[in-house]
Amino acid sequence: GTGETVGLLKIDFADANTQSQQDANQPVAPSEILELVKNSVRPTDNVIRANDTSAVVILPGLSYDVLSRIAARIQALINERLDLIDGDASSPLVGGVIVMPEGRKPSKSDKVLKVLEESASQAEKLSATRVAFQLLLGKKAKQLAPLG
C-alpha cells in the first residue's frame, strides 16, 4: 500500500531438507515446512509457496528488529523439524527486504522481488547465520547489518 512499510522474507529450505533426508532417510514434505512457516507468523501476514523448496512471507508494518527475530525463529523451527543444529551450513537461507516507500508512490514489485532475491543470495554468501536483510527506500537498496 501507499506509504506503508512492508517486510518480505524469502525462506529457502532446499539445502536443509536435503541434509535432513541424508541424515535420517525421511523426507519432510514441503507442505509440512510451509505449514510450520504459516504458524510462525501473524494471521494478517501472507505466506506464499514459491516452489517446492522456498516460500515468501509478506509482513506489513513491522520494524527491522521484529522482522529479524521472526526470520531467526522461522529458521530455528525449520532446523528443529529437520533435526539440524542452529548455525549448520545447511540451515535454511532467509533473505529479507524492508520496503519503505518514498513519498506517496509505491515501490515497483519487480524491484522489490529483485532485492529480495539479492538478499537471499547474500544470506548464502556472506552471512554466518544464513540470514541477510536489505532496506529498499524508494529505488535505493542498502544492505543492513545483522542484529545481535
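1. Surface. The protein exposes about 8100 Å². Carbon and sulfur atoms supply 52% of that area. Accessible areas here come from the Shrake-Rupley method with a 1.4 Å probe, and for residues only the protein chains shown count as cover.

2. Basis. This is a predicted model, in which local features need pLDDT of at least 70, side-chain atom pairs count only at pLDDT 80 or more, and totals for chains, interfaces and linings use all residues. Residues are numbered from 1 along each chain as its sequence is written, and side-chain values use heavy atoms, with hydrogens and water left out.

3. Fold. The protein has four helices and six strands. From the N terminus, the order is β-α-α-β-β-α-β-α-β-β. Helices (H or I, at least four residues) and strands (E, at least two) are DSSP runs, numbered from the N terminus.

4. Burial and contacts. Of the 148 residues, 42% are buried (under 20% relative accessible area; exposed is over 50%, partly exposed in between; 1.4 Å probe, protein chains only). Contact means heavy atoms within 4.5 Å. Take the contacts between residues at least 6 apart in sequence: 67% of them join residues at least 24 apart.

5. Main core. A nonpolar core is a set of buried Ala, Val, Leu, Ile, Met, Phe, Trp, Tyr and Cys residues joined through side-chain atoms within 4.5 Å. The largest has 27 residues. Leu9, Ile11, Val57, Leu59, Ile74 and Phe133 touch the most other members. Helix H3 (64-81) is one of the elements that each supply at least two residues of this core. H3 gives the most, six residues.

6. Phe133. Not counting residues up to four places away in sequence, Phe133 touches residues including Leu9, Leu67, Ala71, Val97 and Leu144.

7. Largest pocket. On a 1 Å grid over the protein atoms alone, a pocket is an open set of points where a 1.4 Å probe fits, with protein on both sides within 12 Å along at least five of seven lines; lining residues have an atom within 4 Å of a point. The volume is about 280 Å³, counted as the space filled by probe spheres set on the points, which are joined across faces, edges and corners. Among the 17 lining residues, Ser127, Thr129, Val131, Ala132 and Pro146 are the closest to the centre. H3 gives the largest share of the lining, four residues.

8. Gln75. Is Gln75 buried or exposed? Gln75 counts as buried because its relative accessibility is 10%. Gln75 sits in helix H3. Its contacts include Ser91, Thr129 and Val131, not counting residues up to four places away in sequence.
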